[in-house]
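Okay, thanks for coming, everyone.

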Amino acid sequence: MNYDFFIVYTMKKSEDYWTNLYKHKDIFMRKMMIHVLLVEDSPSDAKLLHQIFVHAYQEVQMKHVERLSDAIDLSLVGNQLTGDDSNNETLKQDKFDVVLLDLGLPDSVGLDTLKEYRAAVPDIPVVVLTGVDDEELAMQALAEGAQDYLVKDQITIQRLVRAIRYAIEREEILNKLRESEEISRQALVKKQQLNELKSNFVAMVSHEFRNPMTTIRTAIDILQNQNNLNEGRKNFYFERVQDAINHMLQLLDEVLFLSRTEVAKLEYKPALIDLISFCEEIIEVFKMKAAGQQNITFNYEGECNLTYMDEELLYCILTNLISNAVKYSRPQSNVRLNLNCRDGMAIFQIQDEGIGIPEKDQVNLFQTFYRASNVRRIQGTGLGLAMVKKCVDIHGGEISLESQQDTGTTVTVKLPLNYSGESK
Ligand code: ATP
Ligand code: MG
């Protein structure tokens, strides 16, 4: 077909034809400018399409390349356009709304051309140009993700316009569908995590509650049935009952706290705090509990006495980390809490000289119920660090851990001193 003749012929059509065509103008009016990338190695076909656009609408801007590799490069550059580039006209012109893709190019032939383009640039709609009236190829192209196809010999302005309009609209709908699928997927993941937490909790309750319950039942049996117990022995069993109950209460508190963070009910509520006296009070309590077993100290540097932080989150972070440092250390060893306030950050370091954590376990420690392989008979549920991580996240901070088995552990927590709670 002689395309020049076709154009002239088309242009000579009746006045009605042009009036009709202009009805399609609304297609493009919604977008001020439609950017089309034409990938076509035949100069005459490219010229024809160019002329169609020139004669039809001013609002269409077409860029033409002959090779698939150039089309991919150009599309990827355009897709990297950011808000900062929005005034850069050159870049803006390379952000394409639709691609007209010939399947027979110097560097790729047939359906592979489409597959390769879609794999590299999945989010720009493609209208395939076929040289022959090959229905089967066209169908395969649609199955491979092309939005439409045009048989070159049969292109009219109306067909071209319609194909472009539908391609853009379909892609927009598909993108919205993808977005809502992603939202549902995330909601599902959240739900699965919650379900996992619940089933882990059931498994943990049956396991972790069994021991203290048995302890309580045995102690009560003895207290009830053995009349010859002296005061000392009686107190011993009462204390065991108390310990078992305290253990179960702590477990319940931890699970409840974690479930609050899971369903996002734990909010960041900052207030003015004197960090130094806050830490000193916590350390005093730990010293009393440790009763001289470990040497617990607190040191600070910088301006830490007037900070704007969340007390509840901070308390959870520090008490869990210090409790670990004490629990996993031998008697007479040192446990240190160091605080340094600088550059708008509070940096807490909790150091111990305890059993350390094997390297293979370190990556999983922030998961609920995870415990390292070297804990032996030291009691715990594996919830403390998961809680700490949640609290640090809510407080807009970071946590890292360095540990060497049989040498000791240092946990570093960095929290912003005046975090507004809006970012992150
Ligand atoms: P709890 O929920 O009562 O705190 P836990 O101490 O076992 O139980 P986490 O605080 O979450 O649980 O700690 C997870 C695991 O990380 C521990 O079981 C332990 O194996 C390891 N761990 C944490 N801190 C230390 C530490 N300072 N020294 C050695 N191991 C540690
Ligand atoms: Mg712990």
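Predicted model: local features only at pLDDT ≥ 70, side-chain atom pairs only at ≥ 80, totals over all residues.

Residues are numbered from 1 along each chain as its sequence is written, chains are lettered from A and ligands numbered from 1 in the order in which they are written, and side-chain values use heavy atoms, leaving out hydrogens and water.

So, how do α13 and α15 pack? Helix α13 (residues 311–327) and helix α15 (residues 384–394) sit at an angle of about 145°, axes 9 Å apart. Helices here are DSSP runs of H or I, at least four residues, strands are E, at least two, and both are numbered from the N terminus. Axes are lines fitted to C-alpha atoms, for helices over the stretch in contact, with angles from 0 to 180 degrees between N-to-C directions. Contact means heavy atoms within 4.5 Å. On the α13 side you've got, among them, Leu313, Cys316 and Ile317, meeting residues of α15 including Leu385, Met387 and Val388.

Over on helix α9 (residues 157–208) there's Ile173, which is exposed at 55% relative accessible area. Exposed means over 50%, buried under 20%, partly exposed in between, with a 1.4 Å probe and protein chains only.

Now the loops. Asp343 lies between β11 (334–342) and β12 (345–352), with phi near 50°, a positive value. Most residues other than glycine have a negative phi. Asp343 is exposed too, at 72%. Arg376, in the loop between α14 (359–362) and α15, also has a positive phi near 50°, and its relative accessible area is 79%, again exposed.
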